[in-house]
Amino acid sequence: MQGFKNALIYVEGKGIIKTNLAVENGLIKYIGDDASKITNAYPCIEGQVVVAGFIDQHIHGAGGADAMDGTMEALSTIANAVASEGTTTFLATTMTQSQQNILKAMNAVNEYIKADKPEGAKVLGIHLEGPFISVKHIGAQPLEYVAKPDKEVFDKYNSASGNNIKIVSLAPEVEGADELIAHLNKKGIVASAGHTDAGYSDIEKAINSGLKNITHTYNAQKPLHHREVGTVGSAMLFDSLNCEAICDTIHLSIPAIKLLIKNKPKGKFTLITDSMRAKHLCDGISELGGQKVIVKNGEARLENGALAGSILKMNDAIKNLVTKCDVSFTDAIDYATINPAKNLGIYDRAGSIKEGKNADFAVLNEDFSVALTIRNGNIIYSK
């Protein structure tokens with residue numbers, strides 16, 4: 001069998017140990033002392049650590065492509081680009097746009113998932129970010145396409161996607177949101193508060209309807225104030241809410257990251273990249289939803305100065321937590337693996353290294369660069 005011989009591996013329930021791991025039919029077949037089970041070893045050298053493949057539940061694009069391009073080619077480009085970050089699974093994330101453009105993106109993801117391409121990271125489904133958001137916190141979302149929450153419109157999108165929508169970011173305080181949140185909850189879809197002016201009472205009510213997630217916490221939402229804790233304060237206060245965070249130290253300051261981690265249960269903090277098409281490209285002019293984006297010095301901004309997503313790589317987000325935010329290596333890995341897997345309901349087969357789970361791995365060098373990415377036992381990136 002193929003696998004790792006005498007490698008440092010972050011094994012579920014055991015931590016980082018030197019062991020052997022065998023893969024068969026895309027699954028982890030064996031973890032233990034018997035190296036003879038591995039007849040074809042993956043390349044892995046001293047100092048490298050094998051961890052579970054990363055899961056990015058909020059990413060718009062990379063490598064010059066965006067999920068809103070609505071093509072198989074664009075999704076393939078993104079899938080191959082993020083493999084170089086150690087990401088093995090992601091949600092193609094859309095944005096507030098016309099129904100026609102959103103439906104085009106839904107159809108493309110549906111076709112891509114049906115094609116079951118072996119190369120690149122796996123597209124698990126869709127994160128529908130907008131159009132059901134607040135006009136007060138549009139961020140880089142185009143104002144003219146903001147729409148009120150609507151179950152029928154959502155069902156139209158979900159049907160076009162092949163029922164592959166996994167997360168919906170919306171503003172819980174907007175009329176119709178409670179009904180949509182309850183509708184999503186019944187379907188097992190994660191309702192997330194994002195681009196929202198929701199206060200404490202709005203979030204509390206939404207949780208009772210089934211709200212489970214906070215979209216890019218701190219960004220494009222009602223801030224913390226001592227007389228109204230807003231979306232940000234509520235995110236920290238309610239332990240049931242999973243909080244996404246863009247840890248590029250641009251969207252969030254280092255103290256803000258530390259504060260959020262300190263105030264969340266360990267299983268409720270999730271790293272995302274929220275990256276746009278300019279990731280993995282040189283600085284210059286890019287595009288987001290028909291809007292001009294200027295990429296310079298690691299920042300992507302609209303012409304009005306608003307942040308337009310990120311160009312953050314997932315392995316760099318992990319590095320930032322460890323080297324700048326006093327987070328342990330294993331905790332940082334969990335924030336990109338176990339936590340999103342649990343949030344998306346796929347922890348039974350992904351998110352950690354355990355016998356019977358998917359053979360999805362990232363092999364990291366000591367400087368957090370990615371040496372190897374493996375999905376279903378197949379190498380999808382090698383440096």
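The second largest pocket of this predicted model has a lining of three nonpolar, eight polar and three charged residues. Its space comes to about 180 Å³. Of the 14 residues in that lining, Lys-212, Lys-268, Lys-342, Asn-343 and Leu-344 are the closest to the centre. Helix H10 (residues 338-343) gives the largest share of the lining of this pocket, with three residues.

The largest pocket has a volume of about 270 Å³. Which residues lie nearest the centre of the largest pocket? They are Ala-140, His-195, His-216, Leu-307 and Gly-309, out of 22 lining residues. By class, the lining of the largest pocket holds eight nonpolar, eleven polar and three charged residues.

| Pocket | Volume | Lining residues |
|---|---|---|
| Largest pocket | about 270 Å³ | 22 residues |
| Second largest pocket | about 180 Å³ | 14 residues |

Empty space of this kind is found by rolling a probe the size of a water molecule over the atoms.

Another part of the model concerns strand E15 (residues 269-272).

E15 runs parallel to strand E14 (residues 242-246), and four bridges join the two. Within this pairing, Ile-246 stands opposite Ile-272 of E15. Together with helix H7 (residues 254-262), E14 and E15 form a right-handed β-α-β unit.

Conventions
Residues are numbered from 1 along each chain as its sequence is written. This is a predicted model: local features need pLDDT of at least 70, side-chain atom pairs count only at pLDDT 80 or more; totals for chains, interfaces and linings use all residues. Side-chain values use heavy atoms; hydrogens and water are left out. On a 1 Å grid over the protein atoms alone, a cavity is a set of points where a 1.4 Å probe fits but cannot get out, and a pocket is an open set with protein on both sides within 12 Å along at least five of seven lines; lining residues have an atom within 4 Å of a point. Grid points are joined across faces, edges and corners, and a volume is the space filled by probe spheres set on the points. Ala, Val, Leu, Ile, Met, Phe, Trp, Tyr, Cys and Pro count as nonpolar, Asp, Glu, Lys and Arg as charged, and the others, Gly among them, as polar. Two strands pair if DSSP finds at least two bridges between them. A crossover is right-handed if, with the strands pointing away from the viewer, the path from the first strand over the helix to the second runs clockwise.
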